[in-house]
Amino acid sequence: MAVQKHDVTASGSPDRLLALSDGIYAIAMTLLVLDVKVPEGLDEKAFRDAMGNLGPQVAAYGLSFYVLAAFWRDHRRLFLLVRRLDTSLLRLTMASLGAVALLPFPTALLADYPDEPAAVSLYATVIVVIVALHLAIAAMLWRREHLQAEPISDTLGRAVLRDLAATIIVFGLSVPIAWLSPTAAQWTWLRLIPAKIISGRGLRSAMRSSSTP
């Protein structure tokens, strides 16, 4: 495959991009907690009521913190396989970080309006966008050998794509469901647990096979 030398060297080592990525993930995860709050100046009864109504905010915070932590882990795993950046990989990564930075907004909407189809579908859509960009990064890295820190086998490449695709399918299917029943759409997210267990087994097996001399 012919590679334009300036296209690879213009972006260079992934170290600085990883540092930027860590910072954006850390800020996004911190911003999530800002929506878990109680209004000031409440009397004793109103304070107790406000504390009792924090459930949706805490649940949305916990869900998004877990999701962002998983995305950060996947992002780091992908970039352990990167030796050099090119312009296309850099652009995809910056797009994914932009979507990550956006996630606190739909999280706040989900916490405040869990029964609104638009809030639930927007949250699921942002999740799909982030994972789809991760999938595009993985596919590009798999196919561009000159960017790889070490060779990526076809078995490992396919396993990574299947693992990411599981999240896209589950959250993607919940988007139209949300317009029929927001509650049902949120329950469909639990299907990700068995889906990731299955795809995770395949991924771990592929990683072991790839690390075997």
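Predicted model: local features only at pLDDT ≥ 70, side-chain atom pairs only at ≥ 80, totals over all residues.

Visitor: Why is the aromatic pair of Y61 and F65 called tilted?

Guide: Rings of Phe, Tyr and Trp (its six-membered ring) pair if their centres lie within 6.5 Å; planes under 30 degrees apart count as stacked, over 60 as edge-to-face and the rest as tilted. The count by this rule is 3 aromatic pairs. For Y61 and F65 the centres are 5.8 Å apart and the planes stand at 45°, so the pair is tilted.

Visitor: How far apart are Y61 and F65 in helix 4?

Guide: Y61 and F65 are 4 residues apart in helix 4 (residues 55-79), so about one helical turn separates them. Helices here are DSSP runs (H or I, at least four residues), numbered from the N terminus.

Visitor: What makes Y61 count as buried, exposed or partly exposed?

Guide: Buried means under 20% relative accessible area, exposed over 50%, and partly exposed in between (1.4 Å probe, protein chains only). Y61 has 26% relative accessibility and therefore counts as partly exposed. F65, at 33%, also counts as partly exposed.

Visitor: Why is the pair of F171 and W189 called stacked?

Guide: The ring centres of F171 and W189 are 5.3 Å apart and their planes meet at 25°, so the pair is stacked. This pair links distant parts of the chain, with F171 in helix 8 (residues 154-180) and W189 in the loop between helix 9 (182-188) and helix 10 (192-211), 18 residues apart. Both F171 and W189 are buried. Ring pairs also join Y123, F171 and W189 into a cluster.

Visitor: How do you know that the charged end of R143 sits over the ring of W142?

Guide: The term requires NZ of Lys or CZ of Arg within 6 Å of the ring centre and within 35 degrees of the ring normal. The charged end of R143 sits over the ring of W142, at 4.0 Å from its centre.

Visitor: What lines the largest cavity?

Guide: The largest cavity has a volume of about 70 Å³. Its lining includes L78, L81, W142, I152 and G157. Helix 8 gives the most to this lining, with 4 residues. The lining divides into 9 nonpolar, 1 polar and no charged residues, where Ala, Val, Leu, Ile, Met, Phe, Trp, Tyr, Cys and Pro count as nonpolar, Asp, Glu, Lys and Arg as charged, and the others, Gly among them, as polar.

Visitor: Why does I152 count as buried?

Guide: I152 has 13% relative accessibility and therefore counts as buried. I152 is found in the loop between helix 7 and helix 8. Leaving aside neighbours within four places in sequence, I152 is in contact (heavy atoms within 4.5 Å) with L81, L141, W142 and G157.

Visitor: Which residues line the second largest cavity?

Guide: The second largest cavity holds about 40 Å³ of space. Y61 is one of its lining residues, together with others including D35 and Q57. The lining divides into 6 nonpolar, 2 polar and 1 charged.

Visitor: Which residues are closest to the centre of the largest pocket?

Guide: The largest pocket has a volume of about 790 Å³. Of the 33 residues that line the largest pocket, L63, Y66, V67, W189 and L192 are the closest to its centre. Helix 4 gives the most to this lining, with 11 residues.

Definitions and conventions: Residues numbered from 1 in each chain as written. Heavy atoms only, no water. Helix = DSSP H or I, 4+ residues; strand = E, 2+ residues; numbered from the N terminus. 1 Å grid on protein atoms, 1.4 Å probe; cavity = no way out; pocket = protein on both sides within 12 Å on 5 of 7 lines; lining within 4 Å. Points joined across faces, edges and corners; volume = space filled by probe spheres on them.
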